[in-house]
Amino acid sequence: EVVYSDALPQTGAALIHDVSDKLPLSLYLDTGLSGRTGPSALLSIEWMGLPAPPGSTREGSHTADFNTVVVDRMSQPAMPESLDAPRNALLASWKSFEDGTTYVKAVADGQHTERAAYPAGVSKTPVTTYERTVYLSSPFAVDLFRVRGGQSHDWIYHSPAPLESLAGGEWVDYQADAEDYAFVRDAADSLRAAPPQGVYGLVYKPAGEKNLRERVWFIDPVGSQLITGNEGGGSFVIARREMEGDEGDLYAVFHEWSAGGAAPDIEITQLALDPPPNRRGFQAVAFTVRSGSETHIFLSATNPEVTYTADYHNKRIVFQGGLGYIHLQNDAFASMRLLDGANLRYDTHGLNFATPLSVGVA
């Protein structure tokens with residue numbers, strides 16, 4: 001049975017399903033229901049291994065729970081009790097394609113939404129950006145989480161699968177302190193940490209009925225402190241970053257899943273941009289994902305009026321807007337998608353692709 005993606009802005013949720021026959025995947029994006037049954041966590045997501053119909057409890061179906069960014073190690077304020085109080089973040093943009101690919105952008109920074117994840121006065125430095133962009137195309141997903149404000153940012157990921165290895169770094173023992181989260185202190189006997197930088201990945205052991213293996217890749221030019229530990233039969237990871245002033249932060253994450261034996265070889269490369277964004281890539285990011293004969297190029301920027309250029313294999317890319325995607329097959333142009341008012345030119349065969357595709361949700 002095919003279950004299509006649903007945007008539910010009035011109730012505060014998005015149920016995103018990929019209907020392809022490769023590896024059907026789904027996620028639940030919380031844009032206002034957080035706080036009903038647990039911690040308030042606007043823009044948190046739960047990954048699900050199989051499509052779940054709208055309205056399901058999702059119990060037992062998720063493959064990763066409560067994946068979000070926490071500012072200054074503080075919980076978000078509780079959901080308001082009054083039905084008349086602002087309750088939802090903004091589901092800013094939405095697009096589903098015929099092949100099952102789905103794109104969504106949600107914002108909860110208090111400037112463009114009725115309910116902020118971290119309203120004024122909660123943190124020492126005002127949180128002026130808190131937004132998440134997800135592009136799901138089985139068997140992979142691109143997850144871009146931008147946050148500006150506060151002094152520390154924690155990207156937290158819980159998985160029912162044990163962590164197998166860290167590609168691009170080495171673990172050492174970690175000692176929890178009084179300021180760590182309770183779930184970190186509870187895992188004291190299994191805690192490890194690493195300070196990777198650049199492109200690195202978390203490799204999980206196969207799990208679930210379909211024996212799915214997940215790898216989570218970071219494009220992280222400045223570096224993070226990773227903290228991991230065992231949790232039940234699974235594990236958690238925190239990617240912690242300390243801010244120097246109000247520089248803004250981008251968690252650029254690439255998820256991929258595979259079934260059965262060894263995961264396919266993959267190569268991820270960050271592309272240099274002109275003009276250069278800040279050192280964390282907050283304003284703009286571009287990276288390529290190469291696997292076998294296929295190459296995927298992703299570009300994202302915050303200011304649609306700034307034109308960025310990048311080079312890939314002696315081809316010039318000119319980009320503006322929210323998200324651009326180029327698919328290459330054997331290094332030849334195969335397809336392109338432009339979202340959130342994006343304009344993109346990939347200099348090959350003299351063609352200029354600059355037709356935006358965007359859908360707003362009121």
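**Note on the predicted model: sheet, core and aromatic pairs**

1. Strand 7, which covers residues 102-107, and strand 8, which covers residues 129-137, pair in the antiparallel sense over 6 bridges. Within this pairing, Val104 has Val134 of strand 8 as its bridge partner. The structure is a predicted model, and the remarks below should be read with that in mind.

2. The two strands belong to an open sheet of 8 strands, whose order is 6-7-8-9-18-15-14-11 and whose pairing is antiparallel. Strand 6 (90-96) and strand 11 (163-167) stand at the edges and have a single partner strand each, so one side of each is left without a neighbour in the sheet. From one strand to the next, the twist averages 15°.

3. Strand 11 and strand 14 pair in the antiparallel sense over 4 bridges, and Ala167 has Gly201 in strand 14 as its bridge partner. Strand 14 also pairs with strand 15 (residues 212-220), again in the antiparallel sense, over 6 bridges, with Phe218 in strand 15 as the bridge partner of Tyr200. Of the 7 residues of strand 14 (residues 198-204), 5 are buried, so this strand is largely enclosed by the rest of the structure.

4. The largest nonpolar core has 57 residues, of which Tyr130, Trp155 and Leu202 touch the most other members. Strand 17 (residues 234-242) gives the most to this core, with 4 residues.

5. The aromatic pairs come to a count of 17. In one of them, Trp155 and Tyr157, the ring centres are 5.3 Å apart and the planes stand at 25°, which is under the 30 degrees required, so the pair is stacked. Trp155 is buried, with a relative accessible area of 0%, and Tyr157 is likewise buried, with a relative accessible area of 0%.

6. Phe183 and Phe236 form an edge-to-face aromatic pair, with 4.9 Å centre to centre and 85° between the planes. Because Phe183 lies in helix 1 and Phe236 in strand 17, the pair ties together parts that are 53 residues apart in sequence. Elsewhere, Tyr135, Phe140, Phe254, Phe287, Phe298 and Tyr325 form one aromatic cluster.

7. Asp180 deserves a separate look in the model. Asp180 is placed in the loop between strand 12 (172-173) and helix 1 (182-186), and at 3% relative accessibility this residue counts as buried, the cut-off being under 20%. A polar atom of the Asp180 side chain lies 2.9 Å from the backbone nitrogen of Asp177. When neighbours within four places in sequence are left aside, Asp180 is in contact with Arg73, Tyr174, Arg185 and Arg240.

8. Asn314 is also a loop residue, placed between strand 22 (308-312) and strand 23 (315-320), but Asn314 is exposed, with a relative accessible area of 82%. The C-alpha atoms of Asn314 and Asp347 are separated by 9.2 Å, and the two residues are 33 residues apart along the chain.

Key. Residues are numbered from 1 along each chain as its sequence is written. This is a predicted model: local features need pLDDT of at least 70, side-chain atom pairs count only at pLDDT 80 or more; totals for chains, interfaces and linings use all residues. Side-chain values use heavy atoms; hydrogens and water are left out. Two strands pair if DSSP finds at least two bridges between them. Axes are lines fitted to C-alpha atoms, for helices over the stretch in contact, and angles run from 0 to 180 degrees between N-to-C directions. Buried means under 20% relative accessible area, exposed over 50%, partly exposed in between (1.4 Å probe, protein chains only). A polar contact is a pair of N or O atoms within 3.5 Å; within protein, one must be able to donate a hydrogen and the other to accept it, and residues adjacent in sequence count only if both atoms are side-chain atoms. Contact means heavy atoms within 4.5 Å. A nonpolar core is a set of buried Ala, Val, Leu, Ile, Met, Phe, Trp, Tyr and Cys residues joined through side-chain atoms within 4.5 Å. Rings of Phe, Tyr and Trp (its six-membered ring) pair if their centres lie within 6.5 Å; planes under 30 degrees apart count as stacked, over 60 as edge-to-face and the rest as tilted.
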